[in-house]
Amino acid sequence: MPQRREPFTLDVGMAAESDRDAPVSEGDVLAGRYRVERVLAQGGMGVVVAARHIQLGQRVAIKVLMHNITSKQAIARFLTEAKASALLRSDHVVHVSDVGTLEDGQPFMVMELLEGLDLGQVLDQEGRLSVEQACDYVLQACEGLAEAHAARIVHRDLKPGNLFRALRPDGTDIIKVLDFGVSKALSQDVRAEGTITTTDAVFGSPLYMSPEQMQSASKADERSDIWSLGVLLYELVTRKMPFDAESMAGLAVRIATDPPTPLTTALPGAPLELEAVIFKCLEKKPDNRYPNVAELAADLEPFAPGARSHVERIQRLMFGSTNPPRPVPSVPSMRKLLVAGSETLGPLDADPSSPMMIPPEKKRRTWPIAVGVVLVAAAVFVTVMFVRNTSTPVVQGAQMQPTTTTTATASVVVSAEPTHAVETAHVDPPALSVATIAPTRTHVHTHPSATTTTMTEVPVHPTATATSTVLTGISRDRK
């Protein structure tokens, strides 16, 4: 199975300046009460170890800053992470139970020890997730973020590596949000002393960063986290990225100007409604995205049966009450987004020829056609009646032979001399004589010496409203 490409990383001002060994190692006792059992992870910022409380026997994870990280701002961000995580009590945020400093002055924080895999490892080992599973995992992450956002804490670094799939005591999966290290505390109650974010500072993982966060980390708010959730959900179901490039500059341009790759291109057969939810998360302008994770969760619920409890907890955290479930996402399919108005969700700068930007068909109005047909038919009828009323057929004199004719018109009794013009039969109103639709067979019986021809008369339709005279032609042989 091909490996996922490692995302670009941006830890401006936070990268290690040397390759010194970790500040702790197996067997060390920290703060006089935690014995290190093994190293779990190590990076430029610090090291995470598994340890056990000497007196209680409780297993914990301890994060310690590297020796070379000495700037006040880096230490302040570390303490902000600890304080933010300790403030949040959701089951979907890793818990922090203690903070302190080592003998050499390096700060550390004590967290719950998790057994499992982060979602980046899950994608590498198990491949892409089903739509149901991916939406359930994102809903769990939304529950953790709902409490953080309610406390005015923006994560700013959501990615598969910072969502951890752990096991509950009953063996079921639970998603935990990790690493508030570059979180933005909008509340003074959470922000650690010395924490400063300059207007041109950039922190996070660019593949998951919103356009405004690409410009400056100080511009990121809760809607930047929603953008990251949209990218993350896209990746979980496709194992691909909605925006990708070979360089940081190219990636920044694509995120700022290009529409995301359609979900149905990366995953043929994917639900169009899910695509619309993801694309709303990925709106370029923050005001066009979901305003909060509760609205996002409500639209994701239909894709994750059994996730109602997550949605209700999120809504209570955000609104203080719950709303009834939505049978289908409230946003329209992306194939119908090329419409005018403030509710348009699709990026209007996308290629109009794209299959995702096909405008909706206009309903064809049929009543004008019907009216036109009626008017034409009426005109034809009036013209035919006028012509028939003004014509005077003449029957040429000749010896008449018995003959049989078939006609589709009404017949009247005509008295005619062989050598004289036949006068037009006249019917006084309101008596009517109108051609019938069904053809009738008229038998004409004549005798060489006869001067009067008798023809069978067809009944006239009782509903006719116009007076007309119809003559039946008679075939005669000249001598």
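Contact here means heavy atoms within 4.5 Å. Helices (H or I, at least four residues) and strands (E, at least two) are DSSP runs, numbered from the N terminus. This is a predicted model: local features need pLDDT of at least 70, side-chain atom pairs count only at pLDDT 80 or more, and totals for chains, interfaces and linings use all residues. Residues are numbered from 1 along each chain as its sequence is written, and side-chain values use heavy atoms, with hydrogens and water left out.

- Helix α2 (residues 119-126) lies across β8, β10 and β11. It runs at about 100° to β8. Axes are lines fitted to C-alpha atoms, for helices over the stretch in contact, and angles run from 0 to 180 degrees between N-to-C directions.
- The open sheet of 3 strands has the order β8-β10-β11, with antiparallel pairing. Two strands pair if DSSP finds at least two bridges between them.
- Its edge strands are β8 (116-118) and β11 (173-177), each pairing on one side only. From one strand to the next, the twist averages 25°.
- β8 and β10 pair in the antiparallel sense over 3 bridges. Gly116 has Ala166 in β10 as its bridge partner.
- Strand β10 (residues 163-167) pairs with β11 over 5 bridges, also in the antiparallel sense. In β11, Lys176 is the bridge partner of Phe164, and Asp173 is the bridge partner of Leu167.
- The hairpin of β10 and β11 has 5 residues between the strands. Gly171 takes a positive phi near 90° in this hairpin.
- β10 is largely enclosed by the rest of the structure, because 4 of its 5 residues are buried. Buried means under 20% relative accessible area, exposed over 50%, and partly exposed in between (1.4 Å probe, protein chains only).

**Two buried loop residues**

- Asn162 sits in the loop between β9 (153-154) and β10. Its relative accessibility is 6%, so Asn162 counts as buried.
- Beyond its neighbours within four places in sequence, Asn162 is in contact with His155, Asp157, Lys176, Val177, Leu178 and Asp179.
- Asp157 also has a listed distance to Tyr208: the two are 51 residues apart in sequence and 7.6 Å apart in space, C-alpha to C-alpha.
- Tyr208 lies in the loop between β13 (203-204) and α4 (211-215). At 3% relative accessibility, Tyr208 counts as buried.
- The side chains of Tyr208 and Glu235 are joined by a polar contact of 2.5 Å. A polar contact is a pair of N or O atoms within 3.5 Å; within protein, one must be able to donate a hydrogen and the other to accept it, and residues adjacent in sequence count only if both atoms are side-chain atoms.

- The order β2-β3-β4-β5-β7-β6 describes an open sheet of 6 strands with antiparallel pairing. β2 (29-30) and β6 (96-101) are its edge strands, each pairing on one side only.
- Strand β5 (residues 59-65) and strand β7 (residues 107-112) pair over 5 bridges in the antiparallel sense. Met111 in β7 is the bridge partner of Ala61.
- Helix α1 (residues 72-87) lies across β5, β6 and β7. It runs at about 25° to β7.

**The α8 and α9 pair**

- Helix α8 (residues 272-281) packs against helix α9 (residues 293-300) at an angle of about 165°, with their axes 10 Å apart. α8 is therefore roughly antiparallel to α9. Angles under 35 degrees count as roughly parallel, over 145 as roughly antiparallel, 65 to 115 as roughly perpendicular and the rest as oblique.
- Leu274, Val277 and Cys281 in α8 meet Leu296, Asp299 and Leu300 in α9.
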